[in-house]
Amino acid sequence: MNLNVAGLAYTRNSELIFSNTRWLEGTDINIFNVGFATKMGESGVLGLTISSMDFGEIDNTTEESPDGGLGTFDPNYLNIGAAYSKRFSNSISGGVIIRIISENTADVSARGIALDAGVNYVTGPNDAFKFGITLRNVGPTMSYSGNGLIARASEEEDPTKVLSMQRRSNDFELPSMVNIGASYDFYLSPVEEDEENEDFYADHRLTASGTFTSNSFTRDQFRAGVEYAFRDMFMVRGGYVFETDAQDAELTRTTSTGPSFGATIEVPINKNGSTFGIDYSYRVTRTFNGTNAIGVRMTF
């Protein structure tokens, strides 16, 4: 749902996933994700995704007390999305997500709505070649409101008279982006076909992928990755993000230096095809101690 919602259409029955990302280790920023998908009819899949970003406790400050000492507050970002994806043929699938966005600080908040859409195309021998396009974070502008934007001032003619003034917040646009990506599966051993699920398997598989991302407010990026899979039970992968001036500490607009690594262990838990998996990933950053993510996934 976060990469290309069209891929959700390949969910076999039902899938549930939990993940926790420690963003920039040492900043106390955590991202919690929950995702659920279930098959609807012969070719449709319904999904639900919830993401919450926790920044930890931050000291309250004012113009009169810039050093704090006024207690703390806990900002929170919440993102809830409902998705539907459908296979239109053996080669083409598409899907959409409608997201509700909520951002809160101590006394200021913003609400918004966004749309994601994607298409996916599969072709080649044993469906080895895959191509996808996604458009993400498309929606109306957002703005902040709340008591935190109220200012108090005294009248010049009568300093004893205090007035409350509501300051306006400028509208801001969502960070829309377009992703165009492709991958190819290299089967290093004899291929077996699962006719019921219309899928292909091999003891040894090597997948190469590449993606171009056009960002509305940051620099465009090129991503490259490779994954090795053994019987689709054990996977290791590595990736690299190419961005202009990413290696220049003075000109860069990102703390990521490019490399990322990950691994997955997924094992069957019964004869009905249910599985249990654990995912881990690490992203190298210039500051702090990198970004760690761990997830648990169950299919049933």
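Colleague: Is F222 buried, partly exposed or exposed, and what is its relative accessible area?

Modeller: Happy to start there, with the reminder that this is a predicted model. F222 is partly exposed, at a relative accessible area of 48%. That class lies between the cut-offs of 20% for buried and 50% for exposed.

Colleague: How should I read the aromatic pairs, and how many are there in the whole structure?

Modeller: A search of the whole structure gives 5 aromatic pairs. Y77 is partly exposed, with a relative accessible area of 31%.

Your F222 belongs to another pair, with F212, and this one is tilted: 5.0 Å centre to centre and 45° between the planes. Because F212 is in strand β15 (residues 204–215) and F222 in strand β16 (residues 221–230), the pair ties together parts that are 10 residues apart in sequence. F212 is partly exposed too, at 26% relative accessible area.

Colleague: Which residues make up the largest nonpolar core?

Modeller: The general idea comes first: in soluble globular proteins, nonpolar side chains tend to be buried together. Here the largest nonpolar core has 6 residues, namely V5, L8, A37, V45, A83 and I97. Look at I97 in particular: setting aside residues up to four places away in sequence, I97 touches M1, V5, G81, A82, A83, A114, L115 and D116. There is also a second, separate core of 5 residues, among them I101, A110, M142 and L174.

Colleague: Where is G139 found, and what is G139 in contact with beyond its neighbours in sequence?

Modeller: G139 lies in the loop between β9 (129–138) and β10 (150–154). Leaving out neighbours within four places in sequence, G139 contacts I113, A114 and L174. G139 is partly exposed, with a relative accessible area of 40%. From C-alpha to C-alpha, G139 and S176 are 8.5 Å apart in space, though 37 residues apart in sequence.

Colleague: And pockets? What lines the second largest pocket?

Modeller: Rolling a probe the size of a water molecule over the atoms shows where empty space is left. In this model, the second largest pocket has a volume of about 240 Å³. Its lining consists of T61, T62, E63, E64, D107, N147, G148, I150, A151, R152 and R167. By type, these lining residues divide into 2 nonpolar, 4 polar and 5 charged.

Key: Residues numbered from 1 in each chain as written. Predicted model: local features only at pLDDT ≥ 70, side-chain atom pairs only at ≥ 80, totals over all residues. Heavy atoms only, no water. 1 Å grid on protein atoms, 1.4 Å probe; cavity = no way out; pocket = protein on both sides within 12 Å on 5 of 7 lines; lining within 4 Å. Points joined across faces, edges and corners; volume = space filled by probe spheres on them. Nonpolar A, V, L, I, M, F, W, Y, C, P; charged D, E, K, R; others polar. Core = buried A, V, L, I, M, F, W, Y, C linked by side-chain atoms within 4.5 Å. Buried < 20%, exposed > 50% of the residue type's maximum accessible area, 1.4 Å probe, protein only. Contact = heavy atoms within 4.5 Å. Phe/Tyr/Trp six-rings, centres within 6.5 Å; stacked < 30°, edge-to-face > 60°. Helix = DSSP H or I, 4+ residues; strand = E, 2+ residues; numbered from the N terminus.
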